[in-house]
Amino acid sequence: MTEPSKVIHVRNVGHEISENDLLQLFQPFGVITKLVMLRAKNQALLQMQDVPSAINALQYYTDVQPTIRGRNVYVQFSSHQELTTMDQNTQGRGEEPNRILLITIHHMQYPITVDVLHQVFSPHGFVEKMVTFQKSAGFQALIQYQSRQSAVQARTSLQGRNIYDGCCQLDIQFSNLDELQVNYNNDSSRDFTNPNLPSEQKARSSQQPSYGDVVGYPQMPNAAAIAAAFGGGLPPGISGTNDRCTILVSNLNPDRIDEDKLFNLFSLYGNIVRIKLLRNKPDHALVQMGDGFQAELAVHFLKGAMLFGKRMEVNFSKHPNITQGADTHEYMHSNLNRFNRNAAKNYRYCCSPTKMIHLSTLPQVITEDEIVSLVEEHGTVVNTKLFEMNGKKQALVLFETEEEATEALVCKHATSLAGSIVRISFSQLQSIRENQ
């Protein structure tokens, strides 16, 4: 094992993978100070602000296979401790100042939008573009000035300052990106040189009405999160043009299925508005997703999945939405919907059912035996691993089959364990490595 370093070596970086894709992968773990693409080798070198940030990233990606645009990438510590010889007396990146700044906001007690940042940064020069990312590790933004001089002046004046009294502290580094890519003008991204950009991703087919606009989940469609998750592309097999929000699920096991179990499974792919079991066809159900993109993910990844001894059929429904009634279960305002927070991360982890489940938000005091006791009724547990990420306990459980893992997920997601509401999703890892 290479000695820990703040420099991370990334392999299998295909030509379709951009600098922004890699930034998205590592920004949750801290400030990225330098990124070098080694195009000829399909590799990249990425430098975090410190060694603990890099260790956190690699520990996390030991248990979660990092994927960009449907391609698995492989990460390890670099043999380099620094990417360049840095002047110890200079703050930040130690490279040539750039017109693009990377801003991290600490102690964020109030929401920060593009408009707020523009108010703070525009007095120092013309701001051309801005992109913000809301991550579990904090809020970051990339700000592109017209001139490098403006960026240097802004960093000198604002580094360490608070946007609001006593909170929202600015940590400003130079980015080494050449140009920001902005696709939408909204609260999280803005191109001040092109006011005509759309506010969100529109379906490319305009012949049909967008049902997503009719029943609209308030936070969706989340075009910025989709772009952040997939680096501007989409997973293989996903068109991004579907506007049907309602899914017909058939060949269910009527003796074992209920609305909450369907919610636990389908909420992996988007927010759920409502679910209806069809009383005249007990093995059929309707599931209304937050928007057409989320519905397409669910149909794509769940078609043919095994659950409770049956192979599910998952197709788009002819109904644009489910009419609210006594026999519908409402989930629109459920705090168990996964895509209200960290939407980009949740999109990135979408996959078909696997043999491995990932458990998070566990009690701080928990043993592997207690994890096994929680899920062993659903199948043969092959292996388990309990670990800590950002001070929080998480676990991986490997079953013999995808069906057993799926049953454990639908039955035990959002159940209470020692006062904690357990969150379960599928892991794309193939095996649990004991030596990690």
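Is His358 buried or exposed? Here are some notes on that and a few other spots; keep in mind that this is a predicted model.

1. His358 is buried: its relative accessible area comes to 11%, and the cut-off for buried is under 20%. You'll find His358 in strand 20, which covers residues 356-360.

2. What surrounds His358? Leaving out residues up to four places away in sequence, His358 touches Phe387, Gln394, Ala395, Leu396, Arg423, Ile424, Ser425 and Ser427. With Gln394 there is also a polar contact, side chain to side chain, at 2.6 Å. Ile424 sits 66 residues away from His358 along the chain, yet their C-alpha atoms are separated by 5.6 Å.

3. Zooming in on one pair, strand 20 and strand 25 run antiparallel and are joined by 4 bridges. Ser360 stands opposite Arg423 of strand 25.

4. Next, the nonpolar cores. The largest has 57 residues, and Ile247, Phe266, Tyr269 and Ile357 have the most contacts inside it. Helix 8 (residues 292-302) supplies the largest share of this core, with 7 residues. Another core lies apart from it and has 42 residues, including Val64, Ile100, Leu102 and Ile432. As background, nonpolar side chains in soluble globular proteins tend to be buried together.

5. Not counting residues up to four places away in sequence, Ile357 touches Val375, Ala395, Leu396, Val397, Phe399, Ala405, Ala408, Ile424, Ser425, Phe426 and Ser427.

6. Finally, which residues of helix 4 are buried? In this helix (residues 148-158), they are Ser150, Ala151, Ala154, Arg155 and Leu158. Looking down the axis of helix 4, these buried residues fall within an arc of 130°, so they line one face of the helix. Gln149 and Thr156, on the other side of helix 4, are exposed. Just after the helix comes Gly160, with a positive phi of about 85°.

Note on methods
Residues numbered from 1 in each chain as written. Predicted model: local features only at pLDDT ≥ 70, side-chain atom pairs only at ≥ 80, totals over all residues. Heavy atoms only, no water. Buried < 20%, exposed > 50% of the residue type's maximum accessible area, 1.4 Å probe, protein only. Helix = DSSP H or I, 4+ residues; strand = E, 2+ residues; numbered from the N terminus. Arc of directions from axis to C-beta. Contact = heavy atoms within 4.5 Å. Polar contact = N/O pair within 3.5 Å; in protein donor to acceptor, adjacent residues only side chain to side chain. Pairing = 2+ DSSP bridges. Core = buried A, V, L, I, M, F, W, Y, C linked by side-chain atoms within 4.5 Å.
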